[in-house]
Amino acid sequence: MKPIERMKPYLSLSSDNSGGATDMKRGCITASVCTLLVASCALVTYSAFLSSSSSSSDQFTPWPCPSCSLSTSSPPVTSAAQGPSSQSQTETNLSHIVFGIGGSAQTWDQRRAYTELWWQPNRTRGYVWLDEQPIGVWPDTCPPYKISSDASRYGNRASASRIAQIAVETFRLAESSPNRTETRWFVMGDDDTVFFVENLVTALGKYDHQQMYYVGMPSESVEQDVMHSYGTAFGGGGFAISYPAAEAMAGVMEGCLDRYAGFYGSDQRVQSCLTELGIPLTREPGFHQVDLRGDLYGYLSAHPIAPLISLHHLDYVNPIVPNKPSRLDSLKTLISAYRFDPARTLQQTFCYQHGSDFTWSISVSWGYTVQIYPWILSASELEMPLQTFSTWRSFGRGPFIFNTRRFDNSDVCSLPLVFFLDRVDNQTGRVLNGESTVTEYTKYKITKENAKCNKRGFSAASKISRVRVFSPKMDPSLWKMAPRRQCCVTRRTGIFGRTLEVRIKYCSNGESITPP
């Protein structure tokens with residue numbers, strides 16, 4: 001039926017209404033219907049034209065911009081030339097990382113022992129970059145060396161510019177090497193940086209290496225960050241640059257070094273260059289610049305919930321284990337535990353030991369130390385480092401980028417009983433569905449020999465001579481999940497209860513570390 005025919009019932013008038021008035025009404029209605037039909041046809045024609053036009057042309061752009069992409073739906077995809085894609089589906093491993101270590105021919109022999117602790121010949125890849133040819137035979141236990149490009153044109157602070165260039169020079173070598181497609185990350189460090197490479201691999205495995213990443217941490221001392229930048233990954237603690245970020249930086253580095261030649265450090269030059277490329281710092285709290293003085297004990301015994309990746313400046317602090325003959329020997333104690341369970345190293349766990357008339361707060365920094373507080377401390381207090389250290393530049397009491405607790409070794413009643421690692425071993429089969437370790441810690445006297453405290457709980461706690469910790473080996477893949485501190489339970493054993501046993505476990509649903 002045609003549209004006009006459907007309208008006839010409404011157009012017909014009663015036979016009683018005739019004459020001019022009737023003809024006028026009929027004419028008005030007819031005109032209105034015709035107008036409506038014409039408008040409808042025009043709308044249909046316009047819609048068809050608009051649909052055809054939009055399907056054959058790009059979206060409207062507010063203003064002309066030849067260099068701008070007209071697509072606003074997603075960011076540009078990294079091309080194959082901006083990093084390897086052949087192994088994009090595989091897990092990151094040590095072979096995907098190339099190290100660039102800044103060193104000096106004059107000081108390398110004095111500092112090389114730190115690098116030899118973590119460098120694995122025929123497994124780790126990278127170079128030590130020196131300012132001149134070394135004297136004598138280069139040891140096989142060290143990374144191969146390269147001589148940096150001349151940076152004298154940068155003036156008084158040419159040395160910092162030379163070190164900054166290492167990131168690009170390392171990239172250039174990797175780019176031209178036969179195994180270029182295996183390279184995902186470039187990790188920079190100093191000749192006194194100690195890397196914990198298994199944890200480094202785990203941390204970098206969280207990120208998409210085909211994107212532009214700059215990963216590290218600022219200084220622990222606020223005065224250093226204010227002077228340089230909170231957005232800088234301090235180079236002694238080490239930092240990582242993904243392949244695409246290094247490739248982009250290589251294209252602009254020379255100009256950056258000219259513009260920022262007045263900066264103090266090499267790491268700030270690198271950060272400023274990456275900032276020009278729009279690449280911010282991604283903070284990974286396991287990198288440690290260690291811009292601290294004095295005793296690192298409080299800092300290391302309350303490590304953040306993150307894998308331990310690096311330590312630096314160890315020649316400028318006390319030995320981390322005081323009853324060892326040298327700084328290097330004390331560091332080897334920590335590394336001996338690390339080799340048994342890398343992911344758990346320095347991870348802090350705490351729980352409570354109850355007696356008939358006392359409650360102790362127990363803090364375990366796995367592979368390093370145990371603290372027994374003969375009183376109740378909350379979880380928020382226990383995770384806060386004791387301030388056994390001072391700031392880097394001014395030797396002051398702060399501030400730091402984390403909170404601290406007061407430490408006064410003249411007041412025996414305010415101090416925990418301290419135990420340091422003595423032994424570590426595997427305990428295969430002791431834990432369901434996996435391996436476990438046992439670590440033992442012996443008491444260390446941190447106060448005067450005759451100092452005593454008569455407060456409640458101290459007498460019983462002072463009888464503990466050894467702490468034995470059982471723990472499942474930590475699955476590194478847990479670091480790809482939301483971080484959570486693990487839980488523990490305790491008991492006293494041995495003759496007269498002189499041994500405290502701690503069993504670390506995964507927290508059950510709803511379990512909390514709540515003071516009694």
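Strand E12 (residues 359-365) pairs with strand E13 (residues 369-373) in the antiparallel sense, over five bridges. Pairing here requires at least two DSSP bridges between the strands. Strands (E, at least two residues) and helices (H or I, at least four) are DSSP runs, numbered from the N terminus. Within this pair, Ile-362 has Ile-372 of E13 as its bridge partner.

The model is predicted: local features need pLDDT of at least 70, side-chain atom pairs count only at pLDDT 80 or more, and totals for chains, interfaces and linings use all residues. Residues are numbered from 1 along each chain as its sequence is written, and side-chain values use heavy atoms, with hydrogens and water left out.

Now widen the view to the sheet. Eight strands make up an open sheet, and their order is E11-E12-E13-E15-E16-E17-E19-E18. The pairing is mixed. Strand E11 (348-354) and E18 stand at the edges with a single partner strand each, so one side of each has no neighbour in the sheet. From one strand to the next, the twist averages 25 degrees. Axes are lines fitted to C-alpha atoms, for helices over the stretch in contact, and angles run from 0 to 180 degrees between N-to-C directions.

Next come the charged pairs. The structure holds 22 salt bridges; each is a side-chain nitrogen of Lys or Arg within 4 Å of a carboxyl oxygen of Asp or Glu. One of them joins Arg-153 to Asp-258, with the closest N and O atoms 2.8 Å apart. Arg-153 sits in the loop between strand E3 (145-147) and helix H5 (158-176), and Asp-258 in helix H9 (residues 253-259), so this pair ties together parts 105 residues apart in sequence. Asp-258 counts as partly exposed, at 43% relative accessibility. The classes follow relative accessible area: buried is under 20%, exposed over 50%, and partly exposed in between (1.4 Å probe, protein chains only).

Arg-344 and Asp-341 form another salt bridge, their closest N and O atoms being 3.5 Å apart. Both residues, Arg-344 and Asp-341, are buried.

Lys-473 bridges to Glu-435, with 3.2 Å between the closest N and O atoms. Lys-473 lies in the loop between strands E17 (466-472) and E18 (487-493), and Glu-435 in the loop between E15 (417-426) and E16 (436-444), so the pair ties together parts 38 residues apart in sequence. Lys-473 is partly exposed at 24% relative accessibility. Glu-435 is also partly exposed, at 38%. Elsewhere, salt bridges with shared partners join Asp-422, Arg-423, Asp-425, Glu-440, Arg-466, Arg-468, Arg-491 and Glu-501 into one network.
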